[in-house]
Amino acid sequence: MRNHIYIYNKVKRWVVILLLILTSTAVDAQKLDERRVVDTLTMKERIALRTNAIDWALMLPNIGVEYDVRGTNWNRWTVGLSLRGNWQTSHTYKPGIVYNLFGFKAEVRNYYRLRQLSSRVKPQTAFLDKLFSVRRENINHPLTTYYKGGYLSYTTYSLKFGTEGKQGSAITLGFSLGMVKPLYTFPNGNSIDLDLGAAAGLAYAKTDTYILDRESNCYPVTEVGKWSLVPHPVLSELRASFVYRFGNYPITKKYRFRYDVDLTFMARQDSIKDARAKERMERLYADSVGKVVREAFFHIYDSIAKINQQKADSISRAKSMQDKEAAAKVKAAAAATKLAAKAASKATADSIKAAQKAAADSIKAAKKAPVKEAETIVPADSAAVDTTTAVTPPVEQPSEEQQQPAEEQPAAEQPAEEQPAAEQPAEEQPAAEQPAEEQQQPAAAAEEGKEGEQ
């Protein structure tokens, strides 16, 4: 533990001395460069050194280097490499608190500044562009430069603050965000900036568990871990770094938008923009003309279609009315035919009833005609004839004149033939004529007896 305190105090002393040396020189405040010219940077002007004060406060010495990808003032991409470590300090006896950490990190950054909206800089319209847009109506900190990037780091660690300790390795892949504020420019052209940011990502780690064995003065491993993905984001670094830039080219001159400094590029972009705007206007004009033509065409087409539809509807209505009238006529003719058939049927029934009535009247008249009494002839010599025997006189048959009307009525009898059920009562009345026939039989018997006696 004393060794840790000694190293920490020594590092702190050197940092204070370095800051005193840097700040003892006369410095000037940095100003934003607004010149519209392309500058070419030297190798020295493209290099920057940085160190994180938070790591120093956590007793982790660290240093990093950053290098511009292109040697122009409109370049906005950099690559960097940083190291930090506090590993395996020497101790006579193994300490109960272990704080060993070593790692290196490779990083890629993209720097940008906020842009003021103007006639040349229009606001973004798309959702994603608006979400990540750097265009603002008002810029409160024009000297601040922002960055976003990604990193890949490898770290080995051994930490013990209680009865158990953790040791292992981790590979981390993630994103970094931050901003850089210029502080001072030295007379020799070098400058110092303040870098504030953070880095976090996903870690793939292997962790072992160990304890302190005082008797053997060692750290035996009690549990061996396996490589696995940490199920939550891991904060890799909190950054409050000082950046020292070499050469006569501070950050206020770097990382500018190419459109603002490269006139050739600006003219090319403006020509492309104008061509696109012209194409868009022509397309809008063509769309508007096409829209007018389409509206006129569809207006005429709709009017013609409407007239044709009305004509078709009128024809359909006329045809429907004709169909209704024809159906009404057919219905009326059917009703008239039905009435005529009903009247004819009624007339036929009436004629049949009249014929049946006439036949019944004739039969009744025949029944009511007077019957002459038969005369009894008694021979002179036959005194022995039984006078008690009553002889029924023969029934007087109707004369031909009385029978003629019944024979001369075929029209009245013809329906009776067609209606056998109606004539049946007239045919099935032999009982009315039977007495006349029975009356003729005794008379015939008497005559035969008389002839036998003779």
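Helices (H or I, at least four residues) and strands (E, at least two) are DSSP runs, numbered from the N terminus. β8 covers residues 164-185 and pairs with β7 in the antiparallel sense over 16 bridges; two strands pair if DSSP finds at least two bridges between them. Within β8, Thr-172 is the bridge partner of Ser-153.

On to the next strand. β9 spans residues 191-211 and is antiparallel to β8, with 21 bridges between the two.

## The cavity

What does a search of the whole structure find? The search gives 1 cavity of 30 Å³ or more. On a 1 Å grid over the protein atoms alone, a cavity is a set of points where a 1.4 Å probe fits but cannot get out, and lining residues have an atom within 4 Å of a point. Grid points are joined across faces, edges and corners, and a volume is the space filled by probe spheres set on the points. The largest cavity has a volume of about 210 Å³. Its lining has 22 residues, and those closest to the centre are Asp-55, Ser-82, Arg-84, Lys-105 and Glu-237.

β4 gives the most, with 5 residues. Sorted by class, the lining holds 10 polar, 8 charged and 4 nonpolar residues. Here Ala, Val, Leu, Ile, Met, Phe, Trp, Tyr, Cys and Pro count as nonpolar, Asp, Glu, Lys and Arg as charged, and the others, Gly among them, as polar.

## The whole protein

The protein has 12 strands and 9 helices. Of its 454 residues, 26% count as buried, meaning under 20% relative accessible area with a 1.4 Å probe, protein chains only. Among contacts (heavy atoms within 4.5 Å) between residues at least 6 apart in sequence, 70% join residues at least 24 apart. The accessible surface comes to about 31,400 Å², by the Shrake-Rupley method with a 1.4 Å probe. Carbon and sulfur atoms account for 60% of that surface.

## Basis of the values

Residues are numbered from 1 along each chain as its sequence is written, and side-chain values use heavy atoms, with hydrogens and water left out. In this predicted model, local features need pLDDT of at least 70 and side-chain atom pairs count only at pLDDT 80 or more, while totals for chains, interfaces and linings use all residues.

Terms used
On a 1 Å grid over the protein atoms alone, a cavity is a set of points where a 1.4 Å probe fits but cannot get out, and a pocket is an open set with protein on both sides within 12 Å along at least five of seven lines; lining residues have an atom within 4 Å of a point. Buried means under 20% relative accessible area, exposed over 50%, partly exposed in between (1.4 Å probe, protein chains only).
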